[in-house]
Amino acid sequence: MAITIKTENQIGKMRRAGQLLAKTEELIAKAVVPGVTTAYLDGLAEDYIRSQGGIPSFKGYGGFPATLCTSVNEEVVHGIPGKRILKEGDILSVDMGCILEGYHGDMARTYAVGKISAEAKKLIEVTKQSFFEGIKFAKEGNHLNDIGSAIQKYVEENGFSVVRAYVGHGIGKELHEAPEVPNFRTLSKGVQLKKGMTLAIEPMVNVGDYNVRLLKDGWTTVTKDGKFAAHYENTILITDGAPEILTLP
């Protein structure tokens, strides 16, 4: 699949999709409290996205059954919303996407459920900051490996590990477009970044080592050692200067 450079018109559509997601995320953030189910959060997100003229990107994608991916504690990504009740001390990673005017936005956040441990709090903060460390290098003329190297360096300096089994991706008319965007150092420099590229950058960070395994549902991925994991993602636009984050309010 070729890498697409977006036109101003297409970028406008992606900005609007990103803003719809940012507003959805604000709703979810307020609703993550002890006692709620992941299915409740999923319904909240789907109802809001559809009420604003959007379509959930994930629902039906490859057979995924929900609007949100809700991953609790040792679940890294692709957790399926259901009857699970969130409890004090949990952490919850929520990955969400929407289509508006034919273009996708994609983002993820990890939330504390009530009062959490100091280690879990640090994990969430480091995962978020690793994204911002990475996008310091997300500008025209640099290479993909500059982003991944910066993310890995920051995460490991803080005593955590970066998941290798999943990577970020290009995004636009399709949810997953070229190129793949590793959150870690690779042997190759990777693609050179060009103005007009749109990328979903999404570090997934584990307390223990980076190995993961897939559960029997065929979707939910958990840390192999059972330790906590966190996820942070935004859709960004490459410019000739600092990148524009399309999924921040």
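Student: In this predicted model, what is the handedness of the crossing in which H1 passes H2?
Tutor: H1 covers residues 8–31 and H2 covers residues 38–51. Where H1 passes H2, the crossing is right-handed.

Student: How are H1 and H2 oriented to each other, roughly parallel or roughly antiparallel?
Tutor: The axes of H1 and H2 come within 10 Å and cross at roughly 150 degrees. Angles over 145 degrees count as roughly antiparallel. H1 and H2 are therefore roughly antiparallel.

Student: Which residues of H2 make the contact with H1?
Tutor: On the H1 side, the contact is made by Leu20, Lys23, Thr24, Leu27, Ile28 and Ala31. On the H2 side, the residues are Tyr40, Leu41, Leu44, Ala45, Tyr48 and Ile49.

Student: How many nonpolar residues does the contact of H1 with H2 have?
Tutor: One residue in the contact of H1 with H2 is polar and one is charged. The count of nonpolar residues there is 10.

Student: At what angle do the axes of H3 and H4 cross?
Tutor: H3 runs over residues 118–135 and H4 over residues 144–157. Their crossing is right-handed. The axes come within 8 Å, and the crossing angle is roughly 145 degrees.

Student: Which residues in H4 meet H3?
Tutor: H3 brings Val126, Gln129, Ser130, Glu133 and Gly134 to the contact. By class, the contact of H3 with H4 has six nonpolar, three polar and one charged residues. The H4 residues are Ile147, Ala150, Ile151, Tyr154 and Val155.

Student: Where is histidine 143, and is it buried or exposed?
Tutor: Histidine 143 sits in the loop between H3 and H4. Its relative accessible area is 16%, and the cut-off for buried is under 20%. Histidine 143 is therefore buried.

Student: Which residues is histidine 143 in contact with, leaving aside neighbours within four places in sequence?
Tutor: Glutamate 46 is 97 residues from histidine 143 along the chain, and their C-alpha atoms are separated by 36 Å. With neighbours within four places left aside, the contacts of histidine 143 are Lys189, Gly190, Val191, Gln192 and Leu193.

Student: What is the relative accessibility of lysine 194?
Tutor: Lysine 194 lies in the loop between E8 and E9. Beyond its neighbours within four places, lysine 194 is in contact with Ile5, Glu140 and Ile238. Lysine 194 counts as partly exposed because its relative accessibility is 44%.

Student: What separates the C-alpha atoms of lysine 194 and alanine 39?
Tutor: Along the chain, lysine 194 and alanine 39 are 155 residues apart. The separation of their C-alpha atoms is 39 Å.

Student: Which residues does lysine 87 touch, not counting those up to four places away in sequence?
Tutor: Lysine 87 is placed in the loop between E3 (75–77) and E4 (91–100). The residues touched by lysine 87 are Pro34 and Val113.

Student: Is histidine 78 buried or partly exposed?
Tutor: Histidine 78 is also in the loop between E3 and E4. Its phi is near 65 degrees, a positive value in a residue other than glycine. With a relative accessible area of 22%, histidine 78 is partly exposed.

Student: What is the phi of asparagine 73?
Tutor: Asparagine 73 lies in the loop between E2 (68–72) and E3. At 8% relative accessibility, asparagine 73 counts as buried. Although asparagine 73 is not a glycine, its phi is positive, about 60 degrees.

Student: What is the radius of gyration of the protein chain?
Tutor: The chain has four helices and 15 strands. For 249 residues the globule rule gives 18 Å, and the chain's value is close to that, so the chain is as compact as a globular protein of that length. The radius of gyration is 17 Å.

Student: What percentage of the residues of the protein chain count as buried?
Tutor: The C-alpha atoms fill a box of roughly 45 × 45 × 30 Å along the principal axes. Among contacts with a separation of 6 or more, residues 24 or more positions apart account for 69%. Of the 249 residues, the share that counts as buried is 54%.

Definitions and conventions
Residues numbered from 1 in each chain as written. Predicted model: local features only at pLDDT ≥ 70, side-chain atom pairs only at ≥ 80, totals over all residues. Heavy atoms only, no water. Axes fitted to C-alpha atoms, helices over the stretch in contact; angles between N-to-C directions. Helix = DSSP H or I, 4+ residues; strand = E, 2+ residues; numbered from the N terminus. Parallel < 35°, antiparallel > 145°, perpendicular 65-115°, else oblique. Left-handed = near helix turned anticlockwise from the far one by under 90°. Contact = heavy atoms within 4.5 Å. Nonpolar A, V, L, I, M, F, W, Y, C, P; charged D, E, K, R; others polar. Rg over C-alpha atoms; globule rule 2.2 N^0.38 Å. Buried < 20%, exposed > 50% of the residue type's maximum accessible area, 1.4 Å probe, protein only.
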